[in-house]
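Have the model open as you read.

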Amino acid sequence: MKVLAVLASPRKGGNTEILVDEMLRGAELKGHTAEKLRLYECEILPCLDCRGCKKPSSGYNCALSDAMIEIYPRLEEADIIIFATPVYWYGPTAKMKLLIDRLRPYIASRKLAGKKGLVVSPSEEGASCCGPLLQMFAMSFEYLGMLNAGSLLAQAYEKGEIRNSPEELKRAIEMGQSL
Ligand SMILES: Cc1cc2nc3c(=O)[nH]c(=O)nc-3n(C[C@H](O)[C@H](O)[C@H](O)COP(=O)(O)O)c2cc1C
């Protein structure tokens, strides 16, 4: 199966990326194809609510022209999508929110329906602060017809601090193996 991680931390080698890399390593060990996409390296414009993607005449495609032209096919080719974002103000980073808003074409086209979605999210406070974030993803997965395949929440604040938690790294690799 194809696993795609969309990574929405601005910190290269930060806690989110470390967890994602472990998870993808686990997935590869089980023979899956694993890819990572750093969203902070992509220009993603905000959804303008033009509603073009609701019209059959548009082929249910987005009218905007930016990096999403390459990201849409990668999402569609994946069987499993990992949404990886640090917690920023009890939600995802702005870059992740830009991506989520641009998933709107998939409400009509249903092209993400049946795919598995997972959330990877480190934060200073840990799992106890992730309720709003998890609820947003769970409801969005449901709206898109995706299957909620769970989440990996971890406590870490400084860049790379998650490396001091071998049990969290183990959890990440095991989760990747179980995909
Ligand atoms: C703008 C901003 C907002 C944040 N908001 C929260 C928050 O609401 N709760 C929390 O526990 N941590 C919060 N954090 C801490 C990050 O989630 C934490 O440092 C995380 O490990 C960063 O992941 P990274 O290394 O992948 O960038 C915030 C950090 C920033 C920069």
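With 179 residues, a compact globule would have a radius of gyration near 16 Å, and the chain agrees because its own value is 16 Å (taken over C-alpha atoms; the globule rule is 2.2 Å times the number of residues to the power 0.38). Keep in mind that this is a predicted model: local features need pLDDT of at least 70, side-chain atom pairs count only at pLDDT 80 or more, and totals for chains, interfaces and linings use all residues. Numbering starts from 1 along each chain as its sequence is written.

The chain has six helices and five strands (DSSP runs numbered from the N terminus: helices are H or I, at least four residues; strands are E, at least two).

Now for strand β3, residues 80-84: five of its five residues are buried (20 or more other C-beta atoms within 10 Å of a residue's own, C-beta atoms being placed from the backbone). Ile80, Ile82 and Ala84 point one way, while Ile81 and Phe83 point the other way.

| Partner of β3 | Sense | Bridges | Residues facing each other |
|---|---|---|---|
| β1 (residues 2-7) | parallel | five | Alanine 5 and isoleucine 82 |
| β4 (residues 116-123) | parallel | five | Valine 119 and phenylalanine 83 |

Valine 3 touches Ile80 and Ile82, among others (contact means C-beta atoms, placed from the backbone, within 7 Å).

Key:
Buried ≥ 20, exposed ≤ 12 C-beta atoms within 10 Å, placed from the backbone. Pairing = 2+ DSSP bridges. Contact = placed C-beta atoms within 7 Å. Lists of a residue's contacts leave out its neighbours within four places in sequence.
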